[in-house]
Amino acid sequence: LRKWMHVLLQGVRCHEFDVGIWLAKEDEVRNLNLSFRNINASTDILSFPFHDEATPGEVPDAVPRDDEDLLNLGDMIVDVS
């Protein structure tokens, strides 16, 4: 999984960024979906961007590349049930 994510980030020109990947069961995903989106249903994946100002599909160019704390794209929660 780590190698696959590294290749993916290189492919979208974000190789210096980190992405958190959480593997969860259906009930955990449903609870998170309810807590954060007020939707009481499961889903295949939830995503939580770190940079609110980032546009989906674009590299966050305004992020200083020398600040490791900011080199985070966010978290993805994947339903593995």
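This is a dialogue on how terms are applied to one predicted protein model.

Trainee: Which elements make up the secondary structure of the protein chain, and in what order do they run?

Mentor: There are two helices and three strands, running α-β-α-β-β from the N terminus. Helices (H or I, at least four residues) and strands (E, at least two) are DSSP runs, numbered from the N terminus.

Trainee: What makes β1 and β2 edge strands?

Mentor: Two strands pair if DSSP finds at least two bridges between them. The open sheet of three strands has the order β1-β3-β2, with mixed pairing. Strands β1 (18-24) and β2 (45-49) each pair on one side only, and are the edge strands.

Trainee: How do you know that β2 and β3 pair?

Mentor: DSSP must find at least two bridges; β2 and β3 (residues 72-79) have five, in the antiparallel sense. Leu46 stands opposite Ile77 in β3.

Trainee: What does helix α2 touch?

Mentor: Helix α2 (residues 26-37) packs on the sheet and touches β1, β2 and β3, where contact means heavy atoms within 4.5 Å. The direction of α2 makes about 45 degrees with that of β2; axes are lines fitted to C-alpha atoms, for helices over the stretch in contact, and angles run from 0 to 180 degrees between N-to-C directions.

Trainee: How many aromatic pairs does a search of the whole structure find?

Mentor: One. A pair of aromatic rings is described by the distance of the centres and the angle of the planes.

Trainee: Why is the pair of Phe36 and Phe48 called edge-to-face?

Mentor: Rings of Phe, Tyr and Trp (its six-membered ring) pair if their centres lie within 6.5 Å; planes under 30 degrees apart are stacked, over 60 edge-to-face and the rest tilted. The centres of Phe36 and Phe48 are 5.0 Å apart and the planes stand at 65 degrees, so the pair is edge-to-face. Phe36 lies in helix α2 and Phe48 in strand β2, 12 residues apart.

Trainee: Why does Phe36 count as exposed?

Mentor: Buried means under 20% relative accessible area, exposed over 50%, partly exposed in between (1.4 Å probe, protein chains only). Phe36 has 56% relative accessibility, so Phe36 counts as exposed. Phe48, at 25%, counts as partly exposed.

Key: Residues numbered from 1 in each chain as written. Predicted model: local features only at pLDDT ≥ 70, side-chain atom pairs only at ≥ 80, totals over all residues. Heavy atoms only, no water.
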